[in-house]
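Here is a short briefing to read with the structure open beside you. Take a moment to turn the model around before going through the points.

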Amino acid sequence: MDAGGGGTPTVGVPGSDLGWTLGVILRRWHEQVEEAVAGLPHGPRGYQILSVVGHNSPPTQSGLAKHLNIDKTVMPYIIDALEGAGLIERRPDPSDRRVRRIVITPAGAKKLKQLEKKVRAAEDLVFHGVAPETRAVFVDQATRLAVSIHTDRPALDPCIAVRDVLADPALGPPR
């Protein structure tokens, strides 16, 4: 946290632990991304689903819920809303007609491209004033840590962490 890299907290910075630091970053990211995806059914969660479905082989609804750690009783409502907006479809699995795969529609792929540009712009605002090299290293290392944690504890729900940070009265009211 210090400018010199010695591990001593920077004088005058409220909070000196990783939790405070990540909470501030997460709050700012969430505020910016929520605005960027406004109008999309279920906002950031809808965006996560659209992104996974748009960039991977069509998952099952339960597989998608597990991957994103979204409660399996909540997932059908999000899928219904995205399907109602014409962005995704449920299609029978060719090898097992009892299973439904979640597939992005052409309209969904177009919407995803638009949203990805907006999310990148929102993230640029989060990193305002940070050197591009520093940003690249931070994102790379944070990604490595997140993948490691997710691999070790795939049932860990990142949505709970976001909710807890956004509801933390010490950080101010959620926006």
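Predicted model: local features only at pLDDT ≥ 70, side-chain atom pairs only at ≥ 80, totals over all residues.

**The chain as a whole**
- Of the 175 residues in the protein chain, 27% are buried.
- The accessible surface of the protein chain is about 11200 Å², and carbon and sulfur atoms account for 59% of that surface.
- Among contacts in the protein chain with a separation of 6 or more, 53% are between residues 24 or more positions apart.

**Helices H1 and H5**
- Helix H1 spans residues 18–36 and helix H5 spans residues 106–126; their axes come within 9 Å and cross at roughly 150°.
- Because angles over 145 degrees count as roughly antiparallel, H1 is roughly antiparallel to H5.
- The crossing of H1 with H5 is right-handed.
- H1 contributes Arg28, Trp29, Gln32, Val33 and Ala36 to the contact, while H5 brings Leu115, Lys118, Val119, Ala122, Glu123, Leu125 and Val126.
- By type, the residues of this H1 and H5 contact are eight nonpolar, one polar and three charged.

**Gly46**
- Gly46 sits in helix H2, which covers residues 43–55.
- Is Gly46 buried or exposed? Gly46 has a relative accessible area of 0%, so Gly46 is buried.
- Beyond its neighbours within four places in sequence, Gly46 is in contact with Leu40, Pro41, Ile78 and Leu82.
- Ile78 is 32 residues from Gly46 along the chain, and their C-alpha atoms are separated by 6.7 Å.

Conventions:
Residues numbered from 1 in each chain as written. Heavy atoms only, no water. Axes fitted to C-alpha atoms, helices over the stretch in contact; angles between N-to-C directions. Helix = DSSP H or I, 4+ residues; strand = E, 2+ residues; numbered from the N terminus. Parallel < 35°, antiparallel > 145°, perpendicular 65-115°, else oblique. Left-handed = near helix turned anticlockwise from the far one by under 90°. Contact = heavy atoms within 4.5 Å. Nonpolar A, V, L, I, M, F, W, Y, C, P; charged D, E, K, R; others polar. Buried < 20%, exposed > 50% of the residue type's maximum accessible area, 1.4 Å probe, protein only. Areas by Shrake-Rupley, 256 points an atom, 1.4 Å probe, with all protein chains shown as cover.
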